[in-house]
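I keep these entries as a record of what I looked up in one structure. They are written for a reader who is new to it.

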Amino acid sequence: MLHLGEVQNNDNGGGIELQLLARQESDDSWALINPPKSLSFSSNEANSFNQGLLVLVDISDNQDVVSIYSAKEWVLNFIQRYLTIGITPIFLQEELTRTEQWRQDLTLQSQDLTRQRAEMEARRENIQALEIELKLKEQQIEEREAKLQEQLKKYNITLPDEDAGEAM
């Protein structure tokens, strides 16, 4: 696992001591080690690192140092990737706030759409009920008209033709 460390002189047995400051969780995610953890390291290349130098350390599961190299390129890449385009903690906090506001707005819009959908469904059901009621009334009117026609026929009563009345 990759760690960011700082080189410290080991006064006890020579060599160097690495103070591990952070560990890589995923490609773009790091976690601070608090408090920093110390790891002794002695090899031929240990003398080439000066005290205070930031290094990237690949550590095996057994806590053995697999590789160690200067963090200069990594830091410069980090600066190029994030800081030259204005990504700062304040910017990230503002983006987080803006994202949370968008999430809340979308939730409100979703709730509003759900409410409107429910209202439309209620209106549709109302219209269907009115249509059924209208059909029943039409049917009742047709039945009454048929009864009236039957009674008029029974008593030999003829009504003046509506069209004829208009022509006069």
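Entry 1. Pairing of the opening strands. In which sense do S1 and strand S2 pair, and over how many bridges? I found that S1 and strand S2, the latter covering residues 16-26, pair in the antiparallel sense over seven bridges. I note here that the model is a predicted one. Within this pairing, His3 stands opposite Arg23 in S2.

I then looked up the pairing of S1 with S4. S1 and S4 also pair in the antiparallel sense, over five bridges. Leu4 has Leu56 of S4 as its bridge partner.

Entry 2. Cover of S1. I asked whether strand S1 is largely enclosed or largely open. Strand S1 spans residues 2-9, and six of its eight residues are buried, so the strand is largely enclosed by the rest of the structure. For the protein as a whole, 14% of the 168 residues count as buried.

Entry 3. Order of the elements. I counted three helices and five strands in the protein. Read from the N terminus on, the elements run β-β-β-β-β-α-α-α.

Entry 4. Two residues of strand S3. Strand S3 covers residues 29-41, and Pro35 has its place there. What kind of peptide bond joins Asn34 and Pro35? The bond is cis, with omega at about 0 degrees. I recorded for comparison that most peptide bonds are trans. Pro35 counts as exposed, because its relative accessibility is 60% and the cut-off for exposed is over 50%. The C-alpha atoms of Pro35 and Leu21 are separated by 8.0 Å, and the two residues are 14 apart along the chain.

Phe41 is also placed in strand S3. Is Phe41 buried or exposed? Its relative accessible area is 12%, so Phe41 is buried, the cut-off for buried being under 20%. I also looked up the separation of Phe41 from Ile16: the two lie 25 residues apart along the chain, and their C-alpha atoms are separated by 5.5 Å.

Entry 5. Positive phi angles. Gln63 is not a glycine, yet it has a positive phi of about 70 degrees. Where is Gln63 placed? Gln63 is in the loop between strand S4 (54-59) and strand S5 (65-70). With 36% relative accessibility, Gln63 counts as partly exposed.

Asn156, likewise not a glycine, has a positive phi of about 55 degrees. Asn156 is found in the loop between H2 and helix H3, the latter being residues 162-167. The relative accessible area of Asn156 is 69%, so Asn156 is exposed.

Entry 6. A charged patch. Which residues form the negative surface patch? I listed Glu138, Glu142, Glu143 and Glu145 as the residues that form it. Glu143 is partly exposed, with a relative accessible area of 44%.

Technical notes: Residues numbered from 1 in each chain as written. Predicted model: local features only at pLDDT ≥ 70, side-chain atom pairs only at ≥ 80, totals over all residues. Heavy atoms only, no water. Patch = residues over 30% accessible without salt bridge, like charges linked within 9 Å, V, L, I, M, F, W, Y side chains within 5 Å. Areas by Shrake-Rupley, 256 points an atom, 1.4 Å probe, with all protein chains shown as cover. Salt bridge = Lys/Arg side-chain N within 4 Å of Asp/Glu carboxyl O. Lys, Arg positive; Asp, Glu negative; His and termini not counted. Charge placed at Lys NZ, Arg CZ, Asp CG, Glu CD. Buried < 20%, exposed > 50% of the residue type's maximum accessible area, 1.4 Å probe, protein only. Helix = DSSP H or I, 4+ residues; strand = E, 2+ residues; numbered from the N terminus. Pairing = 2+ DSSP bridges.
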